[in-house]
Every structure is written in structure tokens, then in C-alpha cells.
Amino acid sequence: MLVVGAGPAGAELGRCLAQAGVDVCVIERLPDLRRAAFSSAAMPLAAMQEFGLPAQVVGARWNGWKLLGPSGQWRAWQQDHSLGVVLDFAALRCWLSEQMQAWGGRLHLGWTAIGTEPSVDGGVITHCRDAHGLSHSIRSDWLIDASGQQRALIGDGASGPDPLVSGVGLEWLLKVDQQQWSRWQGALSFVLGSQWVPQGYGWVFPMQPGVLKLGVCRLLDPGRTQPGLQSLQQQLMDQLDLADAEVLDRHGGLMRSRVCRRDSHGHGRLLALGDAVSTGNLLGGEGIRHAMTSARVLGSLLQQPRADLIDRYRQALRDQLGWRWNLTGRLARRTWLGLHSPKADQRLDHWLQILEKCSANDLSALLFDYRFERFGLRALPYVLGLGR
Ligand SMILES: Cc1cc2nc3c(=O)[nH]c(=O)nc-3n(C[C@H](O)[C@H](O)[C@H](O)COP(=O)(O)OP(=O)(O)OC[C@H]3O[C@@H](n4cnc5c(N)ncnc54)[C@H](O)[C@@H]3O)c2cc1C
């Protein structure tokens, strides 16, 4: 089995297959998994437990939420127990890959997959280039595209009724003093409103004592001129009184997902998983645990009889992500693409007022489990796009 990409999806699949005794090789174009750690990597506690992730991949824990709304009002929700973690994304990738190798899987860093062709014996040949520019061809029975939103082998597919929706994010790692740290630690903080980030949002997450993640992201709207993310980021830093912080690292990336997930999940001996089949959720810009879920689903199917594998995989993954998934995509598109006017700001403020009455747990259930029904009829018009 050859897996292309050692992100959460590919490395988790490698780990599952190697643990089951399958001969697996993962190639990753990054020469070092500590580089380009683009993800903010917030995750609910349940997912940590579900995937058995150790303390060494955790940057910080959080037990509450803070939201700055369009009207300039901060709202806070707190629980007395931990609700989630901010992962060290680089440490996560390293740990998953090390686990895979400990179970006998192989990892080639600095290798880029550039194309495939069927092999005469019914398998597949993948053409790659290593870190020195040397070409290699690897034959495998199955090939898995876990290259994330780049979809390096499976491709983007035709743009039909369910087009790819793109979001772009920029994040800076900030070194802050004790006073600033205590202001932001223990909570996921979001900045919502068109005057802060039109068609998107900003965030401040605790990373580790004295280090914060400050980010901005938005959905791409070809029909509108959008201000540069870097200037929005700088503005946010000033507005949140973080202008004096030292910038330790700058990173960012794209998320591209289809709202209804009508992606090709594979053809022939090629299968795809993670962001390559739209498991990145655009509502909260969140995809690590969903990418790992897709790896678990596919990993288990690959160990069973493989008749109708692609259809069974698509269905099993859809079942796993649940019926609420499409709603979240619609809500994301509506909320973020529409957030560029005072009217949209008012609507968002109204929604935040509704949320004031809930607990931090409820908010987690909404943003991580997509349990809109907890908010009953008050939330339904908004979710369905009928709200004021
Ligand atoms: C700015 C930003 C913030 C985010 N914040 C969060 C968050 O807070 N919480 C959360 O859960 N999710 C977050 N996400 C989303 C999350 O990071 C992704 O959904 C997740 O990483 C997807 O995992 P993956 O393994 O499918 O893809 P990736 O993590 O993208 O992994 C794909 C891997 O494939 C490699 N690759 C690509 N092409 C090739 C090739 N041709 N050959 C070899 N290797 C290749 C890449 O180098 C990469 O390592 C964020 C994303 C962005 C952009």
C-alpha cells in the first residue's frame, strides 16, 4: 500500500495499516514534518481520546470560548473542566509517523508524487521525485492520495453542481508576556464581524505558555475585491493590543471542500482521503479529526474483501460524518461569504445574543458536533438561510 502525504489523514492511515500488519509506505514532500505546520489545530477533547493522542502533541488545553462580535462586545463562556486542546500540529504529524514506523511502516520524507499509471499486473505505478531530484517509480496494489486540499493525484474533478469552496488562512505564532498570556490562555477566542475580517473571522488560540496563535481566514469570493489577509492580520494585532508581541513564525494555507462532498473518492486502484475528499469543515475551518476519521474508515475497509470498495467507502464515510455535515457547509457558505455588510453584522449579533444563554458545553456541541437542534426553533431559520 502506498500513501501520498503524511498529514493527519495519511499518517493515521499508515499507522492503522502498519499496526494491522499491512505492508505500507508513506511518501511526503516535506523534508521535515516540523516544517510548514500551517494548522491552528484546535480539537475537542473527545477526539483526542478517540484517536488515543498523547500529551506530547498537545500545545495547550482550553475550557471556554470568547467571541468578539460585530458590535465590539466580548462574550465569554467557561466550563470548570477541559473542553479541548490546541495541538502542536508539527508534533502531531511527527508522532503519527513515528508510530507508523514503530509498527513497521516506511516513511520517505522529501518525496513528491508526480503521476501514476496502471501496472501490467493490475496494480498501480507511482512516479515520484526525491529530495535530490532523483526519479523513482513505486509499484503498489493500492495507492492512496492523502495530499490534502492539493488533491495531487485524484485531481479536482469537474466543477458541477457541488463546486469546490475555498478558504484561505494566515496564522502568526506570537511570543507574549505573562500579562498577555493570562488574558488569552484557557479559551478559544474568535473575532467576528465585517469590520475585523470581511467574509471570514480572526482567532487567538493559546499554543503553549507565553505563545499564542493569531490568525485570520476567509472564504474566497471571486465576485468581490477582498483586502489582503496580511493587512487584516496586522490590524487585528493592533486592535487586540498584541502589536508589541514578537512574531516567531508565519504560516498559512488553503482549505478547499465541496459542501455536499460529491468528490471522487477513487477510481481503479487509486483512493483518496482527508481534505482530498472534502473532510475539511468550512464552518470552523476544522479538519484534523475528520481527516483522521476518513483514515480509520478506509483503513478498516482495506482489510476486508475489496469488492465495491469505493462505493462502500464513500457511503461509510458519509455515515460517519453524519447528516448534519451538509448543513454545516451551507451555513459556512452563507455566514462567511455573506459577512460583508452592516445587515450581515446585525444578523450575526442577533445569533450571538441567542448563544449568550447557552453554556460553554452547548457551544462546543454546536461548533464541533453541529448540534443546531439544541438551539431549537430559534436557530433553525438561521441554519436554513431564512434568518433576519
Ligand atoms: C490556516 C489553517 C488553520 C486550520 N486550523 C484548524 C484547526 O484549528 N483545527 C482543525 O481541526 N483543522 C484546522 N485546519 C484544517 C486542517 O489542518 C486540515 O483539515 C487537515 O490538516 C487535513 O489533513 P490531511 O491529512 O487531509 O491534509 P494535510 O494536512 O494538508 O496533509 C497533506 C500532506 O500531503 C503532502 N503532499 C501534498 N502533495 C504531495 C505530493 N504530491 N507528494 C507527496 N506529498 C504531498 C503535504 O505536504 C501534506 O503534508 C486548518 C487549516 C488551515 C489552512
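Modeller: Happy to! Let's start with Asp 263, which sits in the loop between S17 and strand S18 (266–267). Please keep in mind that this is a predicted model. Is Asp 263 buried or exposed? Asp 263 counts as buried, because it has 21 C-beta neighbours inside 10 Å and 20 or more are needed for that label. Leaving aside residues up to four places away in sequence, Asp 263 touches Gly 157, Arg 258, Val 277 and Ser 278. For a sense of distance, take Ile 125: Asp 263 and Ile 125 are 138 residues apart in sequence, and their C-alpha atoms are 23 Å apart in space.

S17 belongs to an open sheet of seven strands, ordered S6-S5-S14-S15-S16-S13-S17, in which the pairing is mixed. Its edge strands are strand S6 (74–78) and strand S17 (246–258), each pairing on one side only. On average, neighbouring strands of this sheet are turned by 15° against each other, direction ignored.

Further along the order, strand S14 (residues 188–192) and strand S15 (residues 200–208) pair in the antiparallel sense, over four bridges. Leu 192, for instance, has Tyr 201 in S15 as its bridge partner. Tyr 201 also turns up among the contacts of Val 191: not counting residues up to four places away in sequence, Val 191 touches Leu 68, Trp 196, Val 197, Tyr 201, Gly 202, Trp 203 and Leu 236. The largest nonpolar core has 103 residues, and Val 191 is listed with Val 3, Leu 13, Val 86, Ile 144 and Leu 273 as touching the most other members. In soluble globular proteins, nonpolar side chains tend to be buried together.

Now to the ligand. It is surrounded by 39 residues, the closest being Gly 5, Gly 7, Gly 148, Gly 274 and Gly 287. S17 comes back here, as one of the elements giving two or more residues to this shell; others include helix H1 (8–19), strand S3 (42–44) and helix H6 (288–301). By class, the shell has 17 nonpolar, 16 polar and six charged residues.

S3 brings in another sheet, an open one of three strands in the order S3-S7-S4 with antiparallel pairing. Here S3 and strand S4 (58–62) are the edge strands, each pairing on one side only. The twist from one strand to the next averages 30°. S3 and strand S7 (residues 84–87) are joined by three bridges, with Met 43 opposite Val 85 in S7.

Definitions and conventions. Residues are numbered from 1 along each chain as its sequence is written. This is a predicted model: local features need pLDDT of at least 70, side-chain atom pairs count only at pLDDT 80 or more; totals for chains, interfaces and linings use all residues. Two strands pair if DSSP finds at least two bridges between them. Axes are lines fitted to C-alpha atoms, for helices over the stretch in contact, and angles run from 0 to 180 degrees between N-to-C directions. A residue is near a molecule or strand if its C-beta atom, placed from the backbone, lies within 6 Å of it. Ala, Val, Leu, Ile, Met, Phe, Trp, Tyr, Cys and Pro count as nonpolar, Asp, Glu, Lys and Arg as charged, and the others, Gly among them, as polar. A nonpolar core is a set of buried Ala, Val, Leu, Ile, Met, Phe, Trp, Tyr and Cys residues joined through C-beta atoms within 7 Å. A residue is buried if 20 or more other C-beta atoms lie within 10 Å of its own, exposed if 12 or fewer, and partly exposed in between; C-beta atoms are placed from the backbone. Two residues are in contact if their C-beta atoms, placed from the backbone, lie within 7 Å.
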